[in-house]
Amino acid sequence: MTIDLKGRIALVTGASRGIGYFTAIELAKAGAHVIACARTVGGLEDLDDAIKAVGGSATLVPFDLADMAAIDQLGGHIFERWGKLDIAVLNAGVLGVISPIGHVEAKVFDKVMTINVNATWRLIRSLEPLLIKSDQGRVLILSSGAAHKCKPFWGPYSASKAAVEALARTWAAETQRLPLRILSVDPGATRTAMRAQAMPGEDPDTLPHPSEVAAKLLPLVGPEQTETGKLYVVREDKVLDYRMPE
């Protein structure tokens, strides 16, 4: 399926590496102008070169998602320049530590919640007025199987991703009568720096490359994707419904 995103404005957080980096390239290849957000200026500059190499265009926005005022200002800057936003891929996140819950330092737990949860909510608040101005707004919020598996020692990350999915589902329910469509995404184990941090003994060559995940995400931001408030599981290539505990 060919996805035509010419004339579309797409924002990607965590765009300097991993899934965010390759998703930004896929969006640019399809014709979208990419607003690339990340902390690392060098990584964003590398991305800009890669996007130009495929004939695309990008605006680089280096900032830390812990800076809530910067998130608030982001929406205003986008409005002043483009007047709308068509696509948002909220990808940035941190792992924290793999540790028993009672051993996690408060500052580590707070950082996980700040970046993964608080910043996601703040982005929703800042970007929603722009997304509803699009005739087909599409949002992907990166989650994890950890949100449901809740394995030992993954407490902060699991809790943060469960919260992120709750935000996505609530937002989707509130906007279901609008053209805006919102999905959570479980990318599965992927060859990223975060995965290497979590599983240092794992052979990365046994895992899908983030470019493979990015290719699966591209159709989700096209007009044919009309589901909202659900979970897309990359490994299964399926959009799944949520259900109550049994």
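**Strands, helices and rings in a predicted model**

Author: In this predicted model, strand β4 covers residues 87-90, and every one of these residues is buried. Ile87 and Val89 point one way from the strand, while Ala88 and Leu90 point the other way. In a regular strand, side chains alternate between the two faces of the sheet.

Reader: In β4, which residue is the bridge partner of Ala10?

Author: Strand β1, residues 9-13, pairs with β4 in the parallel sense over three bridges. Within β4, the bridge partner of Ala10 is Ile87.

Reader: Why does Ala36 count as buried?

Author: Ala36 has its place in strand β2, residues 33-38. Leaving aside residues up to four places away in sequence, Ala36 touches Val12, Ala15, Leu44, Leu47, Thr59, Leu60 and Val61. Buried means a relative accessible area under 20%. Ala36 is therefore buried, as its relative accessible area is 0%.

Reader: How far apart in space are Ala36 and Ile78, C-alpha to C-alpha?

Author: In sequence, Ala36 and Ile78 are 42 residues apart. In space, their C-alpha to C-alpha distance is 12 Å.

Reader: Is Ser158 buried or exposed?

Author: Ser158 is found in helix α6, residues 155-174. Not counting residues up to four places away in sequence, Ser158 touches Ala146, Ala147, Cys150 and Lys151. Because its relative accessibility is 4%, Ser158 counts as buried.

Reader: What arrangement do the rings of Tyr21 and Phe22 have?

Author: The structure holds two aromatic pairs. In the pair of Tyr21 and Phe22, the ring centres are 5.0 Å apart and the planes stand at 75°. Planes over 60 degrees apart count as edge-to-face. The pair of Tyr21 and Phe22 is therefore edge-to-face.

Reader: Which term describes the exposure of Phe22?

Author: Tyr21 counts as buried, at 17% relative accessibility. Phe22 has a relative accessible area of 24%, so the term for Phe22 is partly exposed.

Reader: Over the face of which residue does Arg169 lie?

Author: Arg169 is placed 4.0 Å from a ring centre. The residue whose face lies under Arg169 is Tyr242.

Terms used: Residues numbered from 1 in each chain as written. Predicted model: local features only at pLDDT ≥ 70, side-chain atom pairs only at ≥ 80, totals over all residues. Heavy atoms only, no water. Buried < 20%, exposed > 50% of the residue type's maximum accessible area, 1.4 Å probe, protein only. Helix = DSSP H or I, 4+ residues; strand = E, 2+ residues; numbered from the N terminus. Pairing = 2+ DSSP bridges. Contact = heavy atoms within 4.5 Å. Phe/Tyr/Trp six-rings, centres within 6.5 Å; stacked < 30°, edge-to-face > 60°. Lys NZ or Arg CZ within 6 Å of the ring centre and 35° of its normal.
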